[in-house]
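Student: I am new to this structure. Could you walk me through how to read it?
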Amino acid sequence: MRLIVFFDLPTITKADKRAYVQFRRFLLNDGFDMIQWSVYGRILNGKDAEIKHLARLADNLPPAGSVRCMTVTEKQYAGIRLLVGMPLFQEKRVSASQMLLF
């Protein structure tokens, strides 16, 4: 499974920019990879991991803006079609079938 987070955060004031940077840093430290601007994804190992990371996400939400998340299966995620551009390095590096889960 994959957890995908979409967000649109204000960056007008210094406080807004700080909240944006903190939220983005949280996502990266929590194992999310940037798929494209303001879209981050993370591989999950089942429903328990989904609940855990959704709770962590809820605990680290910025005070303003819009944050949405969606969970998709690996088969659904593999069906993504890249219409313009090249795959990111992270997308080429590791697929779910190459991961070892303990």
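Student: Is Arg56 buried, partly exposed or exposed?

Tutor: This is a predicted model. In it, Arg56 is partly exposed, with a relative accessible area of 36%.

Student: Which side chain does Arg56 meet in a salt bridge?

Tutor: Start with the general idea. Side chains of opposite charge can pair when their charged atoms come close. Here the side chains of Arg56 and Asp30 form a salt bridge, 2.9 Å from N to O. Arg56 belongs to helix H2 (residues 47–59), while Asp30 sits in the loop between H1 and S2, so the pair ties together parts 26 residues apart in sequence. Asp30 is buried, at a relative accessible area of 5%.

Student: How many salt bridges are there?

Tutor: The count comes to 3 salt bridges. One of them joins the side chains of Arg2 and Glu74 at 3.0 Å, N to O. That pair links distant parts of the chain: Arg2 is in strand S1 and Glu74 in helix H3 (residues 74–78), 72 residues apart. Arg2 counts as buried at 13% relative accessibility. Glu74 is partly exposed at 24%.

Student: What about Lys47 and Glu50?

Tutor: Their side chains also meet in a salt bridge, again with an N to O distance of 3.0 Å. Lys47 and Glu50 are 3 residues apart in helix H2, so about one helical turn separates them. Lys47 counts as exposed at 54% relative accessibility. Glu50 counts as buried at 9%.

Student: Which side chain of opposite charge is nearest to Arg42, and how far away is it?

Tutor: That is Asp30, 4.3 Å away. A salt bridge needs the nitrogen within 4 Å of a carboxyl oxygen. Arg42 is buried yet has no salt bridge. Its side chain does reach the backbone oxygen of Asp30, at 2.6 Å. Arg42 also touches other residues, including Met1, Phe32 and His53.

Student: Where does Arg42 lie?

Tutor: Arg42 lies in strand S3 (residues 39–43).

Student: In what order do the strands form the sheet?

Tutor: The general idea comes first. Strands of a sheet pair through backbone hydrogen bonds, either parallel or antiparallel. Here 4 strands make an open sheet in the order S2-S3-S1-S4, with antiparallel pairing. The edge strands are S2 (33–36) and S4 (66–72), each pairing on one side only. From one strand to the next, the twist averages 30°.

Student: How many bridges join S1 and S4?

Tutor: Strand S1 (residues 2–8) pairs with S4 over 7 bridges. Ile4, for example, has Met70 in S4 as its bridge partner. Helix H1 (residues 14–29) packs on the sheet and touches S1, S3 and S4. The direction of H1 makes about 170° with that of S1.

Technical notes
Residues are numbered from 1 along each chain as its sequence is written. This is a predicted model: local features need pLDDT of at least 70, side-chain atom pairs count only at pLDDT 80 or more; totals for chains, interfaces and linings use all residues. Side-chain values use heavy atoms; hydrogens and water are left out. Helices (H or I, at least four residues) and strands (E, at least two) are DSSP runs, numbered from the N terminus. Buried means under 20% relative accessible area, exposed over 50%, partly exposed in between (1.4 Å probe, protein chains only). Lys and Arg count as positive and Asp and Glu as negative; His and the chain ends are not counted. A polar contact is a pair of N or O atoms within 3.5 Å; within protein, one must be able to donate a hydrogen and the other to accept it, and residues adjacent in sequence count only if both atoms are side-chain atoms. Contact means heavy atoms within 4.5 Å. Two strands pair if DSSP finds at least two bridges between them. Axes are lines fitted to C-alpha atoms, for helices over the stretch in contact, and angles run from 0 to 180 degrees between N-to-C directions. Lists of a residue's contacts leave out its neighbours within four places in sequence.
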